[in-house]
Amino acid sequence: MPVEAETVTGRAPTRITVLGATGSIGQSLADLLEKNPDRFDVVALVANRNAHALADMAIKLKASIAVLADDESFPVLTERLNGTGITAASGQAAIEEAVDMETDLVVGAIVGAAGLVPTFRAIKPGRRIALANKECLVCAGDLFVDKVRATGVELLPVDSEHNAIFQVFEKDQTDQIEKVILTASGGPFRTWPLAKMNDVTPAQALKHPNWDMGSRITIDSATMMNKGFEVIEAAHLFPVSNDQLDVLVHPQSTIHGLVQYKDGSLLAQLGSPDMRTPIAHCLAYPGRMPVPVTRLNLAELGKLTFEAPDAERFPCLGIALAALEAGGGAPAALNAADEVAVDAFLKERIGFLDIPAAIEAVLERLAASDMLKPAKCVEDVLDLDSEARKKTLEWIGSRTSWH
Ligand SMILES: NC(=O)c1ccc[n+]([C@@H]2O[C@H](COP(=O)([O-])OP(=O)(O)OC[C@H]3O[C@@H](n4cnc5c(N)ncnc54)[C@H](OP(=O)(O)O)[C@@H]3O)[C@@H](O)[C@H]2O)c1
């Protein structure tokens, strides 16, 4: 690192690239970067089509380049960045160029399977990847982890549960680990009877009791599909077997993850439900950095409660666990079907309980036509992804005549 790149603290700033910069994770990250201008150099910011938010952020964080996936929004971005010295670009080739730029840390925070190609490309020797885009691990976990290992890249989990587990997972004691436990808030319908869940509206499902997140993950939290995805994610991140992974409903979202050891110890990470804590952990790793989140006041909190997940009212969790067990292409198809079903629910084309029904029907049909084979490359994953999307749209269009 050249001497002039060093700050007054004597430490070279970390060069950072953000994929999905304008989203909920991206905004929390931007807040930390803005508060620590000497510690980070923002190389590239990538988003889909939100030109104004991307331009604002690029200016605030003094990024070198801002890139949109969507060409139609490019004129707005160019106009907003005119005269700032920040390069504006759009399209897939521009995203690839941005991902290839010299950097130390890439934060993968695009939502959905759209994150696969750029995040895979970002895995290059000498970098760290802070991964929020769980779809990389859900849809293509084996391929992703193989590439991470082959390149020697350090993979840091941003997702709060996995970040918590990462913090208390003793890597040199894996044979002493009995269980890895992911906590779940239970979402807004935790106490609702099944009959009432038929009539859930998008507005109700978008009101998460504890976390402020993007719309897809918020609906996935309401169905508990998100927890299913997170179990699949954990299966790729931590060297444990599927039956060592457990889910515990914990409505206060104070304990984010736990690891149980053979000596009876249960190690947990606690914190306010604020994504800036796990993001900061990834930014500063293996060190730490100050974060202005609300401190937990355990005396004020009084008690923490726990319950087992209810498989009958939240069938998505079971569907996801079955997809993990089935392996092959099942988790990728699960994700694709869920993305389409959640979108249809948000557009009020299907009901809340149609989400698991659609996904289950699509997985059954794909399995019956032997389409859930393991992927050999990302293109295989994307082919299956588009087939599963097609089938889900078919199900939505002709639900009654599908079987
Ligand atoms: N939010 C959380 O608290 C949280 C917690 C744990 C894990 N995660 C995971 O983190 C990921 C991001 O979640 P989020 O809640 O931040 O989502 P979000 O608020 O919906 O933001 C998604 C981001 O991805 C960008 N994007 C979408 N499609 C793209 C494309 N084709 N090319 C480039 N950029 C694209 C969006 O850009 P535009 O703004 O231009 O559309 C936006 O910047 C998800 O995988 C989620 O499961 C989120």
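In this predicted model, seven strands form an open sheet with parallel pairing, in the order β4-β3-β2-β1-β5-β6-β7. The edge positions belong to β4 (87-90) and β7 (154-157); each has a single partner strand, so one side of each is left without a neighbour in the sheet. On average, neighbouring strands of the sheet are turned by 20° against each other, direction ignored.

Within this sheet, strand β5 (residues 105-108) runs parallel to strand β6 (residues 128-131), and four bridges join the two. V107 has A130 in β6 as its bridge partner.

Helix α4 (residues 92-100) packs on the sheet, where it touches β1 (14-19), β2 (40-47), β3 (65-68) and β4. The direction of α4 makes about 145° with that of β3.

A further packing arrangement involves two helices. Two packed helices are described by the angle between their axes and the distance between the axes. For helix α10 (residues 215-223) and helix α15 (residues 330-346), the angle is about 95° and the axes lie 10 Å apart. Because angles of 65 to 115 degrees count as roughly perpendicular, α10 is roughly perpendicular to α15.

| Helix | Residue range | Residues in the contact |
|---|---|---|
| α10 | residues 215-223 | S215, R216, I219, D220 |
| α15 | residues 330-346 | D338, E339, V342, F345, L346 |

By class, the residues of the contact of α10 with α15 comprise four nonpolar, one polar and four charged.

How values were computed: Residues numbered from 1 in each chain as written. Predicted model: local features only at pLDDT ≥ 70, side-chain atom pairs only at ≥ 80, totals over all residues. Pairing = 2+ DSSP bridges. Axes fitted to C-alpha atoms, helices over the stretch in contact; angles between N-to-C directions. Contact = placed C-beta atoms within 7 Å. Parallel < 35°, antiparallel > 145°, perpendicular 65-115°, else oblique. Nonpolar A, V, L, I, M, F, W, Y, C, P; charged D, E, K, R; others polar.
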